[in-house]
Amino acid sequence: MSQDEQALLVVRGLQVKLPTGRNRLVHAVRNVDLTVRAGERVGIVGESGSGKSVTVRAISGLLPDSPLVQVHGSIQFRGQELNGADARIWRDIRAKRIGMIFQDPHSFLNPTMRIGAQINEALKMGRGEQTSKDELLRVIALAGLPDPERMAQRFPFELSGGMRQRVLIAIALAKSSEIIIADEPTTALDATVQRRVLKSLDDSVTALGTSLLLITHDLAVVAGLCDRIYVMYGGEVVETGSTEKIFSAPEHPYTKELLRCVQSLADDTPDLYVSDYSSKQNAQ
Ligand SMILES: Nc1ncnc2c1ncn2[C@@H]1O[C@H](COP(=O)(O)OP(=O)(O)O)[C@@H](O)[C@H]1O
Ligand SMILES: [Mg+2]
């Protein structure tokens, strides 16, 4: 239990069943165990449909609000059981303690509010006190957004996809989130922008010592950013270990398959993915 004691997030035996058409249920997540410790960076990788998003939606209380949705198992945040907690508790956790960066930033930004005002609300949420303009500009800059003074005055629709993702990073930082959950934060972006946003995320998490749960179908993306990896396949965690172990001694056939894809991509485009792993490999 000693490892779990320092854990921020402990998920045990998570099962999620979701209704599909014609009175059927899809068993989207099966018996998932997952732990994120304070300050740790954890990746979940797996192909499309493997249950990554459903897992993190369960962890953040964002599954469809329907009596047909079944969630079994335990989701503990700093020892507090959240499975079955009422909506008010979930809202509070999301508002103050979990920073969320999802593929579609629109659903998390208010289209009619200036960026600065939205980040300022998050600052107030995190600190519960008066906020200063300096603090606001500092958070905007920390998230990798250029020209913070002007940025604060802009509306979401005036920004590119990569910029909007960085606004979500700024909001997560402003709340002093204990964990940032990022679900495919850069999948919709082109490779150069993807790299910049990941760098902003990396710098921000490092600066604040926040935990990170990063979800992606791309093993190369987690390689440079995460300490530990969970590999999901068909709704289950099929393998877990340190990033180093997953790369150097993968056990599950599906993990090996994922690694082959990373290698061939890296061979084709040597500077597309900048990860510690591939640079170490190349140096050897
Ligand atoms: N809102 C939903 N309603 C019904 N089924 C869903 C819903 N969201 C996801 N699913 C199903 O759950 C499974 C896992 O999906 P998901 O977690 O989104 O995969 P991933 O994020 O790994 O691509 C898939 O079979 C998907 O079709
Ligand atoms: Mg997904």
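In the predicted model, an oxygen atom of ligand 1 is placed 3.1 Å from a polar backbone atom of Ser50, a polar contact being a pair of N or O atoms within 3.5 Å; within protein, one atom must be able to donate a hydrogen and the other to accept it, and residues adjacent in sequence count only if both atoms are side-chain atoms. Backbone N or O atoms also approach ligand oxygens at Gly51, with a distance of 3.1 Å, and at Val54, with a distance of 2.8 Å. Of the 560 Å² of accessible area that ligand 1 has on its own, the protein covers 64% (Shrake-Rupley method, 1.4 Å probe; for residues, only the protein chains shown count as cover).

Residues are numbered from 1 along each chain as its sequence is written, while chains are lettered from A and ligands numbered from 1 in the order in which they are written. Because the model is predicted, local features need pLDDT of at least 70 and side-chain atom pairs count only at pLDDT 80 or more, whereas totals for chains, interfaces and linings use all residues; side-chain values use heavy atoms, with hydrogens and water left out.

The shell around ligand 1 holds 13 residues, the closest being Gly49, Gly51, Lys52, Ser53 and Val54 (a heavy atom within 4 Å). By class, six are nonpolar, five polar and two charged (nonpolar: Ala, Val, Leu, Ile, Met, Phe, Trp, Tyr, Cys and Pro; charged: Asp, Glu, Lys and Arg; polar: the others, Gly among them). At least two shell residues come from each of β1 (7-20), β2 (24-37) and α2 (52-59), where helices are DSSP runs of H or I with at least four residues and strands are runs of E with at least two, numbered from the N terminus. The largest share, three residues, is supplied by α2.

Strand β6 (residues 98-102) is largely enclosed by the rest of the structure, because five of its five residues are buried (under 20% relative accessible area, 1.4 Å probe, protein chains only). Ile98, Met100 and Phe102 point one way from β6, and Gly99 and Ile101 the other way. Five bridges join β6 to strand β7 (residues 179-183) in the parallel sense (pairing requires at least two DSSP bridges), with Ile98 opposite Ile179.

Gln118 belongs to helix α4 (residues 115-127) and counts as buried because its relative accessibility is 8%. A polar atom of the Gln118 side chain lies 2.7 Å from the backbone oxygen of Asn110. Beyond neighbours within four places in sequence, Gln118 is in contact with Leu109, Asn110, Met113, Pro156 and Ile171 (heavy atoms within 4.5 Å).

Notes
Buried < 20%, exposed > 50% of the residue type's maximum accessible area, 1.4 Å probe, protein only.
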